[in-house]
Amino acid sequence: MEYKFPDGFWWGAATSGPQTEGRFHKAHRSVFDYWYDIEPEAFFDRVGPNVASNFYNDYVQDIALLKEIGLNSVRTSIQWTRLIKDLEQNTVDEEAVRFYRAVLDEFLRQGIRPVINLHHFDLPVALYKKYGGWESKHVVDLFVQFATKCFELFGDRVKDWVTFNEPMVVAEGEYLYQFHYPNLVDGRKACQVIYNLNLASAKAIAAFRASKCAASGGRIGIVLNLTPAYPRSEEPADQKAAAFAEDFKNNAFLYPATKGGFPESLEKVLAADGVLWQSTPEELAIIRENTVDFLGINYYHPFRAKARETAFDDDSGWLPEKYFEEYEMPGARMNPYRGWEIYPQALYDIAINVRDNCGNIPWYVAENGMGVEGEERFRNEEGFIEDDYRIDFLKEHLTWLHKGIEEGSNCFGFHMWTPIDCWSWKNAYKNRYGFIAVDLATQKKTIKKSGRWMHDVSAQNGF
Ligand code: BGP
């Protein structure tokens, strides 16, 4: 074996409630459920979240498959739109409580550590319509009530909690780049939403610390998507562009989560442009005092930045692109199905960044993986998909991660996106990411070659 990982390393995979469960018996619609209902053609092949990978009905069999491929930990999420019946009063749906308890019991029975996230892009649409969703601090408080309810109801079964998955993607998808309902382009609102999501996370952490969960050994973190910003060149203008992209895309969440405050360089630019968020001293104190116990980091691709070559057109108001343009690097290695650059070395850069700039806080890779279209063409005579490209992709990323760990970064696990092919938002089932394939027509699930490989990696704690 060439690469051995620290004792107790998490070998696992991540998914979410809205992408797996299906909409069976759900009290409310999320923004994605609603968007699909009003505009199904916006989704690949018009496939929506209604059935997803049928986890609501298949969880016992699904969790057995996860055991079979050797996962020792799995992240999924509790859906606000399922658990809570009355969003203002925070009353629970008893069937949802039964369901989530049964799922958690099944994970524990199989010896798989459940990591539970509280928000995976699934804001109840009613709260968008009534209050503007994450633009509103009232919604922040409703979320904290929901989180508190989860700690009370499931804290006996769950030790590892996550407040948000990729909060930056909420701001980007809903308010900048139009890939989440309501598909607005509004940089000022995006900034407020970034602030409010940080506040919601800190308030939920405060509620967690006041609950029984913390006293009984639980811990809480956040999952951030980090897209390290690399400048096109050594030229100062490119460096400056990349530094702003790094601040806006990464540090706007990384700093509050780990240092308790926003990057001053970012605040300065936003204030000068008149788009700094509304905050109060009391809120800033909550953010300062409630940093995370651990970090989950999703890494898929880097961000390459260059100084603007064209004048910024501010007809649509302030946007972060005022300070950079995306640089399409010639010769970049691409995943053509997703259009994302493959750059495994960034995982090492992230490890070192967390070590040197975030107090070497405990962290794990909470998502990394490769979506591939048309994987059925790789199904062999024995009936399983030979996804060697995925194994190679994982090995390359793990090799760089290993180097970061060897050099002292405090990383305790690796979760691939995703255990079982699941519903991918607008892309629906176009690209498949799982260790386990799903036949959408029959919901038959079969382990891919990468799943068998993961079994061995997990058993040997390395490869
Ligand atoms: C992350 C999300 C996941 C998942 C993954 C793959 O951003 O946390 O929910 O979907 O990316 O990306 P996509 O589904 O867009 O291909």
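Modeller: In this predicted model, Glu 172 touches Tyr 177, Gln 178, Phe 179 and Lys 249, not counting residues up to four places away in sequence. The residue itself has its place in helix 8, which covers residues 167-175.

Colleague: Why is Glu 172 called buried?

Modeller: The term requires a relative accessible area under 20%. Glu 172 has 11% relative accessibility, and therefore it counts as buried.

Colleague: How is Gln 178 classed, and why?

Modeller: Its relative accessible area is 42%. Buried would need a value under 20% and exposed a value over 50%, so Gln 178 is partly exposed. Gln 178 is found in the loop between helix 8 and helix 9.

Colleague: What is noted about the backbone of Gln 178?

Modeller: Gln 178 has a positive phi of about 60 degrees, although it is not a glycine. Asn 54 also has a positive phi of about 60 degrees and is not a glycine. Such values deserve mention because most residues other than glycine have a negative phi.

Colleague: Where is Asn 54 found, and is it buried or exposed?

Modeller: Asn 54 is in the loop between helix 2 (31-38) and helix 3 (55-68). Its relative accessibility is 12%, so it counts as buried by the cut-off of under 20%.

Colleague: Which peptide bonds are cis?

Modeller: The bond from Tyr 181 to Pro 182 is cis, with omega near 15 degrees. The bond from Trp 417 to Thr 418 is cis, with omega near 15 degrees. Both are pointed out because most peptide bonds are trans. Pro 182 is found in the loop between helix 8 and helix 9, while Thr 418 has its place in the loop between strand 16 (411-417) and strand 17 (431-432).

Colleague: How do you know that Cys 411 is in no disulfide?

Modeller: A disulfide is a covalent bond between the sulfur atoms of two cysteines. The rule applied here asks for two cysteine sulfur atoms within 2.5 Å. By this rule the count comes to zero disulfides. For Cys 411, the nearest cysteine sulfur is that of Cys 358, and it is 13 Å away.

Colleague: What makes Cys 411 and Cys 422 buried?

Modeller: Cys 411 has a relative accessible area of 4%, and Cys 422 has 3% relative accessibility. The limit is under 20%, so both count as buried.

Colleague: Which residues are around the ligand?

Modeller: They are Gln 19, His 120, Asn 165, Glu 166, Tyr 300, Arg 338, Trp 340, Glu 367, Trp 417, Ser 424, Trp 425 and Tyr 433.

Colleague: What is in the largest nonpolar core?

Modeller: It has 144 residues, and those with the most contacts inside it include Trp 80, Leu 83 and Trp 134. Helix 9 (residues 187-209) gives the most to this core, with 13 residues. Apart from it lies another core, of eight residues, among them Trp 10, Val 115, Val 223 and Phe 294.

Colleague: Which residues of helix 13 are buried, and what do they pack against?

Modeller: In helix 13 (residues 281-289), the buried residues are Glu 283, Ala 285 and Ile 287. They pack against helix 7 (137-154), helix 9 and helix 11 (236-259).

Colleague: Why does Glu 106 count as buried?

Modeller: Its relative accessible area is 10%, and the cut-off is under 20%, so Glu 106 is buried. Glu 106 lies in helix 5 (residues 94-109). Leaving aside neighbours within four places in sequence, Glu 106 is in contact with Tyr 59, Val 60 and Ile 63. Glu 106 and Tyr 59 are 47 residues apart in sequence and 8.2 Å apart in space, C-alpha to C-alpha.

Definitions and conventions:
Residues are numbered from 1 along each chain as its sequence is written. This is a predicted model: local features need pLDDT of at least 70, side-chain atom pairs count only at pLDDT 80 or more; totals for chains, interfaces and linings use all residues. Side-chain values use heavy atoms; hydrogens and water are left out. Helices (H or I, at least four residues) and strands (E, at least two) are DSSP runs, numbered from the N terminus. Buried means under 20% relative accessible area, exposed over 50%, partly exposed in between (1.4 Å probe, protein chains only). Contact means heavy atoms within 4.5 Å. A residue is near a molecule or strand if one of its heavy atoms lies within 4 Å of it. A nonpolar core is a set of buried Ala, Val, Leu, Ile, Met, Phe, Trp, Tyr and Cys residues joined through side-chain atoms within 4.5 Å.
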